[in-house]
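Thank you all for making time this morning.

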Amino acid sequence: MAHGLACVERLRAEGVVEDRDIRRTVDAVMSCCGVSRLRAYRLAHGWTLKDAVDVLIKLCDEGDIVRPKLDADQLGH
Ligand SMILES: [Zn+2]
């Protein structure tokens, strides 16, 4: 990542102060830090790679969808 977590923390804090929709924070992280939408979404939520995998597995289980073969290392690529 070009900018680092301090940058993401600043954008997240601005989003909270301005009561922004999370999607606007995702867009801000993408354009500021030059990361993919998937990564920006994860960072905007403050999720670690493991958190993101846990959320995905939970969603699959709740939606009765077959879990993808995915771990934190794969998501980080
Ligand atoms: Zn940035």
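Predicted model: local features only at pLDDT ≥ 70, side-chain atom pairs only at ≥ 80, totals over all residues.

Residues are numbered from 1 along each chain as its sequence is written.

The protein has five helices and zero strands, where helices (H or I, at least four residues) and strands (E, at least two) are DSSP runs, numbered from the N terminus. Along its principal axes, the C-alpha trace spans about 35 × 25 × 15 Å. Buried residues make up 18% of the 77 residues, and here a residue is buried if 20 or more other C-beta atoms, placed from the backbone, lie within 10 Å of its own, exposed if 12 or fewer, and partly exposed in between.

Let us turn to the first pair. Two packed helices are described by the angle between their axes and the distance between the axes. For helix 1 (residues 5-17) and helix 2 (residues 22-33), the axes come within 10 Å and cross at roughly 150°; such axes are lines fitted to C-alpha atoms, for helices over the stretch in contact, and the angles run from 0 to 180 degrees between N-to-C directions. Helix 1 and helix 2 are therefore roughly antiparallel to each other, since angles under 35 degrees count as roughly parallel, over 145 as roughly antiparallel, 65 to 115 as roughly perpendicular and the rest as oblique. On the helix 1 side, Cys7, Val8, Leu11, Arg12 and Gly15 meet Arg24, Thr25, Ala28, Val29, Cys32 and Cys33 in helix 2, with two residues taken to be in contact if their C-beta atoms, placed from the backbone, lie within 7 Å.

Now to the core. The largest nonpolar core has eight residues, namely Val8, Leu11, Val26, Ala28, Val29, Ala40, Leu43 and Ala44, a nonpolar core being a set of buried Ala, Val, Leu, Ile, Met, Phe, Trp, Tyr and Cys residues joined through C-beta atoms within 7 Å. Helix 1, helix 2 and helix 3 (37-45) each supply at least two residues of this core. The buried residues of helix 3, which are Arg39, Ala40, Arg42, Leu43 and Ala44, pack against helix 1, helix 2 and helix 4 (49-62). Helix 3 is followed by Gly46, whose phi is positive, near 75°.

Lastly, two single residues. Ala40 counts as buried because it has 24 C-beta neighbours inside 10 Å, and, leaving aside its neighbours within four places in sequence, Ala40 is in contact with Val26, Val29, Met30 and Val35. Cys33, which is found in helix 2, has 18 such neighbours inside 10 Å and therefore counts as partly exposed. The C-alpha atoms of Cys33 and Val8 are separated by 8.1 Å, although these residues are 25 apart along the chain.
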